[in-house]
Amino acid sequence: MMYWFIGILLCFFLLFLSSFSVWNVYAIIRGAPFVPSTNKRVGTMIDLANLQKTDVLLDLGSGDGRILRRVAPFVKEARGIEINPSLAVWSRMINMFVKEKNIQVLCSDFWHQDLSDVDIIFVYCIDNKMNKLETKVKKEMKPGSRVVSNEFKFSNWKPGQEQDGVRLYLV
Ligand SMILES: C[S@@+](CC[C@H](N)C(=O)[O-])C[C@H]1O[C@@H](n2cnc3c(N)ncnc32)[C@H](O)[C@@H]1O
């Protein structure tokens with residue numbers, strides 16, 4: 001009986017791992033692989049963001065949802081878009097155990113999402129996608145909104161503030 005149970009668990013784990021790996025390759029093509037931000041970096045992102053209780057925050061490529069759970073107490077809505085279904089399901093599962101109920105994770109490609117109702121974006125994308133993202137942000141985000149980027153910078157946009165590898169851009 002015990003062996004059956006362990007076998008089923010192992011099958012689920014292998015299924016999860018293979019699905020994660022395949023989608024992670026696709027994520028690299030569409031934006032960036034899953035590399036979670038460190039706790040310290042997330043802290044710096046939050047410091048620079050000056051979050052308000054009225055803010056709708058979007059984490060572009062929300063991974064395991066760690067940023068969403070950190071910012072949820074300080075914003076109106078913590079929204080994530082994640083292309084990898086395994087990560088989207090995983091983060092939704094963990095979110096069920098936190099007390100904040102203003103967290104949403106959408107399993108989708110952020111290039112297809114309109115950004116016009118978002119007040120602040122958190123992003124940890126790779127270098128060769130930043131130009132395309134800059135164009136999208138400037139076209140869709142409303143004046144006064146902000147972008148906080150972990151590690152990578154926009155090449156034609158001077159950050160409003162910069163601290164420990166994190167940059168704040170004002171639209
Ligand atoms: C570097 S990780 C950052 C994860 C999380 N934001 C953090 O900082 O801990 C980038 C994430 O973006 C996701 N991703 C990449 N391209 C994407 C796209 N086009 N649309 C949605 N998610 C994407 C990846 O699957 C990955 O989870």
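**Ground rules.** I'm working from a prediction, so local features need pLDDT of at least 70 and side-chain atom pairs count only at pLDDT 80 or more, while totals for chains, interfaces and linings use all residues. Residues are numbered from 1 along each chain as its sequence is written, and side-chain values use heavy atoms, with hydrogens and water left out.

**Entry 1: salt bridges overall.** How many salt bridges does a search of the whole structure find? I get 11, taking a salt bridge as a side-chain nitrogen of Lys or Arg within 4 Å of a carboxyl oxygen of Asp or Glu. Side chains of opposite charge can pair when their charged atoms come close.

**Entry 2: Asp 64 and Arg 66.** I looked up this pair and found a salt bridge, with the closest N and O atoms 2.7 Å apart. For burial I use relative accessible area: buried is under 20%, exposed over 50%, and partly exposed in between (1.4 Å probe, protein chains only). Asp 64 comes out buried at 12%, whereas Arg 66 is partly exposed at 32%.

Entry 3: The side chains of Glu 77 and Arg 79 form a salt bridge at 2.7 Å, N to O. Are these two buried or exposed? Arg 79 is buried at 18% relative accessibility, and Glu 77 is buried at 16%. I also noted that Asp 117 joins Glu 77 and Arg 79 in a network of salt bridges.

**Entry 4: Lys 138 and Glu 134.** Here the closest N and O atoms of the salt bridge are 2.9 Å apart. Both residues sit in helix H5 (residues 130-140), four residues apart, so about one helical turn separates them. My helices (H or I, at least four residues) and strands (E, at least two) are DSSP runs, numbered from the N terminus. Glu 134 is buried at 4% relative accessibility, but Lys 138 is partly exposed at 41%.

**Entry 5: H1 against H4.** Next I checked how helix H1 (residues 2-30) meets helix H4 (residues 85-95): their axes come within 8 Å and cross at roughly 125°. Axes are lines fitted to C-alpha atoms, for helices over the stretch in contact, with angles from 0 to 180 degrees between N-to-C directions. I call H1 oblique to H4, because angles under 35 degrees count as roughly parallel, over 145 as roughly antiparallel, 65 to 115 as roughly perpendicular and the rest as oblique.

Which residues meet? From H1 I have Phe 16, Ser 19, Phe 20 and Trp 23, and from H4 Pro 85, Ser 86, Leu 87 and Trp 90, with contact meaning heavy atoms within 4.5 Å.
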